[in-house]
Amino acid sequence: MSMDMQTENGTQAEIGENERIMLELVGVSKQFGSGKRLVTAVRDVSLRLRENEVYALIGESGSGKSTMAEMIAGLQKPTSGTIRWLAAAEQEANGRSRVQLVFQNPDRSLNPYWKVEELVAEPLLLRRVDRATARKRVEELLERVRLPRALLDRRPGECSCGQKQRIAIARALAVSPALLIADEITSALDPKTEADILALLASLKAERRMSILYITHRLETVQGFADRLAVMKDGAIVEAGEAEEICTRPRSAYTRALLAAGLFA
């Protein structure tokens, strides 16, 4: 058996040898500043993501979740440790992007002056897809994320929060990522829209056989959605394993305290 990641008490969750590992982090840490202003955002994190799974990172604000996401996406470099893609050659041969990141605030990735068609088509055009093919692909992507074609000529400011988040997802899907990172993407949405977005992600994961790294501070959104999860505190992972088991039988005192206090509610 191969091992997944350390928990608070030093035990480790295991991954079977027949499971295909996509991404491996070994001893990853990230620090900002220096001297008395040195801040450690991520502390010695080791984990493995499987192909075709939903992996959730749970934690309060400032626990290091988003910094982890940015390092995996290549937007930040680790101060120490390694991040290794285990099936990179196969993914590149299939023309797939390794990873795409969808932010909590979709406006971070959506140019307010561009129309929806331009926003979703841009990753395709950068890969030298001809405009006619890109247009057809954009229409298919909007249909897949359950948005009407009437939005193609609108700008982000003319769309609702839920629509903008779906546009950001469509844009990310344009390059067929092996891993989609969803960083608090439902936190600003109403409960019905949030449930719709999670259902959409689940169906996309099954359809495309991609993995999803789902980052949230709300544990209730994980149940029935994530396959495995890790709880972070002060930049470190304090507990990791199967999502259902941790949600119902948490081992870490910190996780139990958070559940009891309702801090993830």
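## Pairing and the six-stranded sheet

Two strands pair if DSSP finds at least two bridges between them. In this predicted model, pairing of this kind gives an open sheet of 6 strands in the order E7-E8-E9-E5-E10-E11, and the pairing is mixed. Strand E7 (99–102) and strand E11 (236–242) stand at the edges; each has a single partner strand, so one side of each is left without a neighbour in the sheet. On average, and with direction ignored, neighbouring strands of this sheet are turned by 15 degrees against each other.

Inside this order, strand E8 (residues 179–183) and strand E9 (residues 211–216) run parallel and are joined by 5 bridges. Asp-183 has Ile-215 in E9 as its bridge partner.

## The three-stranded sheet

An open sheet of 3 strands has the order E4-E3-E6, and its pairing is antiparallel. Its edges are strand E4 (39–50) and strand E6 (80–85), each with a single partner strand, so one side of each is left without a neighbour in the sheet. Neighbouring strands here are turned by 15 degrees against each other on average, direction ignored.

Strand E3 (residues 21–32) is joined to E6 by 5 bridges, and the two run antiparallel. Glu-24 has Arg-84 in E6 as its bridge partner. Helix H1 (residues 65–72) lies across E3, E4 and E6 and runs at about 120 degrees to E3.

## Helices H5 and H6

Two packed helices are described by the angle between their axes and the distance between the axes. For helix H5 (residues 161–173) and helix H6 (residues 191–208), the angle is about 15 degrees and the axes are 11 Å apart. Angles under 35 degrees count as roughly parallel, which makes H5 roughly parallel to H6. The crossing in which H5 passes H6 is right-handed.

On the H5 side, the residues that meet H6 are Gly-162, Arg-166, Ile-169 and Leu-173. They face Thr-193, Asp-196, Ile-197, Leu-200, Leu-201, Leu-204 and Arg-208 in H6. By class, this contact has 6 nonpolar, 2 polar and 3 charged residues. H5 also lies across E7 and E8 of the six-stranded sheet, and runs at about 170 degrees to E7.

## Confidence of the model

The protein has a mean pLDDT of 86, and 87% of its residues reach 70 or more. Over residues 1–15 the pLDDT is below 50, and this stretch has 51 contacts in the model beyond near neighbours in sequence. Where pLDDT is low, the predicted coordinates should not be read in detail.

Definitions and conventions
Residues numbered from 1 in each chain as written. Predicted model: local features only at pLDDT ≥ 70, side-chain atom pairs only at ≥ 80, totals over all residues. Heavy atoms only, no water. Axes fitted to C-alpha atoms, helices over the stretch in contact; angles between N-to-C directions. Helix = DSSP H or I, 4+ residues; strand = E, 2+ residues; numbered from the N terminus. Parallel < 35°, antiparallel > 145°, perpendicular 65-115°, else oblique. Left-handed = near helix turned anticlockwise from the far one by under 90°. Contact = heavy atoms within 4.5 Å. Nonpolar A, V, L, I, M, F, W, Y, C, P; charged D, E, K, R; others polar. pLDDT = per-residue confidence, 0-100.
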